[in-house]
Amino acid sequence: MNTDRHSFKSDQTDALSLSVYNVGYEKCQGLHSWGSGVRDHYLIHHIISGKGVYKTPQGEYHLSAGDTFLIYPYTVITYTADKNDPWEYYWAGFNGSDAEFILDRAGFTRECPVISADFGSELKDSLERIYRLSGNRSSDLVKMTGQLYITLGILMERSGSQSRSGSTAKGYVTKAKNYIAHNYTLGIGVENATDFVGVSRATLYRAFMEYEGLSPAQYITDFRVNAACRLLEETELPVSAVARSVGYNDSLYFSRIFHKTKGVSPTEYRADALCTKGENKAFSVDICVQKVKTRRFRLTRVYK
C-alpha cells in the first residue's frame with residue numbers, strides 16, 4: 001500500500017507571533033516511522049484512525065484514533081505506525097512567541113505530551129482548513145495563522161485542562177508575563193496581574209521568585225525599562241513621550257526608576273547609544289557627547 005500524503009511547507013516562518021511551518025495529512029503504511037530525531041518547531045498530530053507508538057525521553061505512548069500528540073522543539077523523539085492497523089493523521093507544525101503559553105493552557109506538558117478527548121470531527125476539520133488556506137503570500141500566512149489559533153482554541157476548550165494547566169506556579173508566571181507584555185503601556189501594577197491570573201499577591205510573588213528569581217513588581221519595572229531602552233535607541237521621542245509609552249505618566253518618576261535600574265539617566269543612555277551608532281556607521285551627522293562636572297551628558301549634533 002502506498003502512503004497517502006498531502007502537505008504544505010511555508011517558506012516564511014518569522015513574520016508573526018505564531019507562524020505555521022507546515023501542515024498536512026497522511027495515511028501511513030504499516031511500521032512507517034520518523035526518528036529518532038528532533039524538530040526545530042512544535043508539531044501537533046491528531047490521529048483520526050489506526051494506531052501507533054510515540055516515544056519521547058519521558059516515556060512511550062501507545063495511541064489510537066482520537067488522540068493528539070505534541071512534539072516539542074529540539075526533543076529527541078520517534079513515532080511509528082502500527083504494523084497491522086497503521087495510523088492516519090492530520091498535522092500542523094508551528095512556532096512563535098505565543099506557542100508555549102497556548103500549548104501550556106491546552107494541557108500539553110513534556111511529561112505528558114498527549115491529549116485524549118472527544119473532539120468529534122471539529123479538530124480534524126480545523127486542521128484541514130489550515131491546509132486548504134496554505135500559500136506563501138502574506139495574506140495566506142495570516143489566514144493560516146488565524147485558523148491555527150482557532151485549532152489551538154479547540155484543543156484548549158475540549159481538553160478540559162485549562163484550570164489544571166494554569167494552576168501551577170509555572171502557569172501563574174507564564175500567564176502573568178503574557179499579561180504584562182500586552183498591557184505594560186497602560187500603567188498596570190502587580191494587583192492588575194494578580195487579578196488577571198486569579199491568585200493572591202503572595203502566591204504570585206512566590207511563583208515569580210521560584211521561576212524568575214525576582215518579584216512581580218521588579219519584573220514589571222525591568223520590562224518597562226527595557227522597552228524604554230529600545231525607544232531611546234531607535235526613536236527620537238522626547239523622554240516624556242518615552243515615559244508615557246512604557247506606562248509612566250510622570251516623566252520625573254520614570255527618570256528616577258530608569259537611573260536606579262540602569263545606573264544612568266534616560267538622556268545619558270540615549271547619548272551613549274548614539275555615540276555607539278556613530279562609531280559603527282558612517283553618518284553625515286557627527287554626534288558629540290561631552291561629560292561635564294554634573295556627570296550628565298550634553299548631546300550636540302554638528303550638521304555638515
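Q: What is the place of leucine 31 in this structure?
A: In this predicted model, leucine 31 sits in the loop between β2 (19-27) and β3.

Q: What makes the phi of leucine 31 worth a remark?
A: Most residues other than glycine have a negative phi. Leucine 31 is not a glycine, yet its phi is positive, at about 70 degrees.

Q: Which residue in the loop between β7 and β8 is tyrosine, and what is its phi?
A: That's tyrosine 74, found in the loop between β7 and β8. Tyrosine 74 has a positive phi too, about 55 degrees, although it is not a glycine.

Q: Why is tyrosine 74 called exposed?
A: The cut-off for exposed is over 50% relative accessible area. Tyrosine 74 comes in at 62%, so it counts as exposed.

Q: Why is valine 76 called partly exposed?
A: Valine 76 lies in the loop between β7 (67-71) and β8. Partly exposed is the range between the buried limit of 20% and the exposed limit of 50%. With a relative accessibility of 48%, valine 76 falls in that range, so partly exposed is the label.

Q: Which residues make the nonpolar surface patch of about 320 Å²?
A: Val38, Tyr74 and Val76 make it. To join a patch, a residue needs over 30% relative accessible area. Tyrosine 74 has 62% and valine 76 has 48%, so both clear that cut-off.

Q: Why is strand β8 described as largely enclosed?
A: Look at residues 77-81: four of the five are buried, so the rest of the structure largely encloses β8. Buried here means under 20% relative accessible area.

Q: How do you know that β3 and β8 pair?
A: Pairing takes at least two bridges. Strand β3 (residues 33-37) and β8 have three, in the antiparallel sense, so they pair. Serine 33 stands opposite threonine 80 in β8.

Q: What makes β5 and β8 a pair?
A: Here it's four bridges, again with at least two needed, so β5 (residues 51-56) and β8 pair as well, in the antiparallel sense. Tyrosine 54 stands opposite tyrosine 79 in β8.

Q: What kind of peptide bond joins glycine 35 and serine 36?
A: A cis one, with omega of about 5 degrees. Most peptide bonds are trans. Serine 36 lies in strand β3.

Q: How many helices and strands are there in the protein, and what share of its residues count as buried?
A: There are 11 helices and 12 strands. Of the 304 residues, 44% count as buried.

Key:
Residues are numbered from 1 along each chain as its sequence is written. This is a predicted model: local features need pLDDT of at least 70, side-chain atom pairs count only at pLDDT 80 or more; totals for chains, interfaces and linings use all residues. Side-chain values use heavy atoms; hydrogens and water are left out. Buried means under 20% relative accessible area, exposed over 50%, partly exposed in between (1.4 Å probe, protein chains only). Patches are made of residues with over 30% relative accessible area and no salt bridge: like charges are joined within 9 Å, nonpolar side chains (Val, Leu, Ile, Met, Phe, Trp, Tyr) within 5 Å. Accessible areas come from the Shrake-Rupley method with a 1.4 Å probe; for residues, only the protein chains shown count as cover. A salt bridge is a side-chain nitrogen of Lys or Arg within 4 Å of a carboxyl oxygen of Asp or Glu.
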